[in-house]
Amino acid sequence: MKKTHAVAPVSSARMRKQRRGVVLKTMLGICFMFPVLIAFLFSFLPNNKLLGLPTLQTFFDYFTFENYRWVFKNIPIFKYVTNSLEMCLIVIVFQSITACLAAYAFAFFKFKGKDVIFQIILIAMMVPGEVCIICNFLTVRDMGLVNTMMGLTIVSLVSCNSIFMMRQSYLSLPGELREATLMDGCGEVRYMFQFAIPLSIPTIASLAITTFISVFNAYLWPLLVSRSPEHYTVQIGMALLVDHEVPTYGRQLAGAVLCMIIPIIFFVIFQSYMVKGLTKGAVKG
């Protein structure tokens, strides 16, 4: 009986703590989602009603799809989305390949200058991309890649952050596994493709998600490289909705909602992989 009475308060305290955690997370979630919800609701209102202070009654009285109809009619949104998805696919594939190969070398191989090169990679991670954007643009222009898909993606094919994360993931694998496989006659290449990379799938998936969101939402670099509507990404295309003479807030909100749909769906589906990947390399390294 004493044992039962001792466990009960601990269990109830733990449940109260869990409930408080759920309430806090729910409130934070509502705060973060509130601007998105407001943008979604106001995108269904006429522009003249948005110039005042819309209310819930205004939303039900003047609900319309006109803003979305105008966007689909006047902006080739599907072409821009296709360009963005193609750009994301190329970057994710190349970043995954280069990160897996380079990280394996930094994790397991011994070669001259290894520590110095890895320190340079860590330093490069701290440099904002905007610092190098003029130099990158001049290089891409001299290579004749302006207004091409290669020009849009070439500066993102290799990522220092991806190499670092994959290295940490490799180092978190049991060292005994590699030693045993190599003693059994398994070469480095076979071990990498049959053991290291499959066991690091959560990290690869996490990097793919973060890369997708970053590339899909990119604005400055596509704005510099794209010179014709055929190569516009979705962010550049939606910027065409901004009219500096006559405010068109309803159309802009409709475009913003369309831009958010794909990244949100992608993140919601694969968020579990993102958490696993970010915590996997924290074991050792």
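**Aromatic pairs and a helix contact in a predicted model**

Phe44 comes out as buried, with a relative accessibility of 8% (buried is under 20% relative accessible area, exposed is over 50%, and partly exposed lies in between, using a 1.4 Å probe and protein chains only). This is a predicted model, so to speak of a local feature takes pLDDT of at least 70 and side-chain atom pairs count only at pLDDT 80 or more, while totals for chains, interfaces and linings use all residues. Residues are numbered from 1 along each chain as its sequence is written, and side-chain values use heavy atoms, leaving out hydrogens and water.

As for the chain overall, it has 15 helices and zero strands (DSSP runs numbered from the N terminus, with H or I over at least four residues for helices and E over at least two for strands). Of its 285 residues, 35% are buried. Among contacts with a separation of 6 or more, 75% join residues 24 or more positions apart, a contact being heavy atoms within 4.5 Å.

Back to the rings. The chain holds 18 aromatic pairs (Phe, Tyr or Trp rings, the six-membered one for Trp, with centres within 6.5 Å; planes under 30 degrees apart are stacked, over 60 edge-to-face, and the rest tilted). Phe44 and Phe63 make a stacked pair, at 4.9 Å centre to centre with 15° between the planes. Phe44 sits in the loop between α1 (2–42) and α2 (47–50), and Phe63, 19 residues away, in the loop between α3 (56–61) and α4 (66–74), so the pair ties together distant parts of the chain. Phe63 is partly exposed, at 40%.

Tyr104 and Phe109 are edge-to-face instead, because their planes stand at 85°, with the centres 5.5 Å apart. Here Tyr104 is buried at 2%, and Phe109 is partly exposed at 33%. Both belong to one aromatic cluster along with Phe108, Tyr170, Tyr191 and Phe195.

Arg167 has its charged end over Phe118, 4.2 Å from the ring centre, and Arg251 lies over the face of Trp70, at 4.2 Å.

Finally, helices α11 (188–199) and α12 (201–216) pack at about 60°, their axes 5 Å apart. That angle makes α11 oblique to α12. Ile197, Pro198 and Leu199 of α11 meet Ile201, Pro202 and Ile204 of α12.

Key: Axes fitted to C-alpha atoms, helices over the stretch in contact; angles between N-to-C directions. Parallel < 35°, antiparallel > 145°, perpendicular 65-115°, else oblique. Lys NZ or Arg CZ within 6 Å of the ring centre and 35° of its normal.
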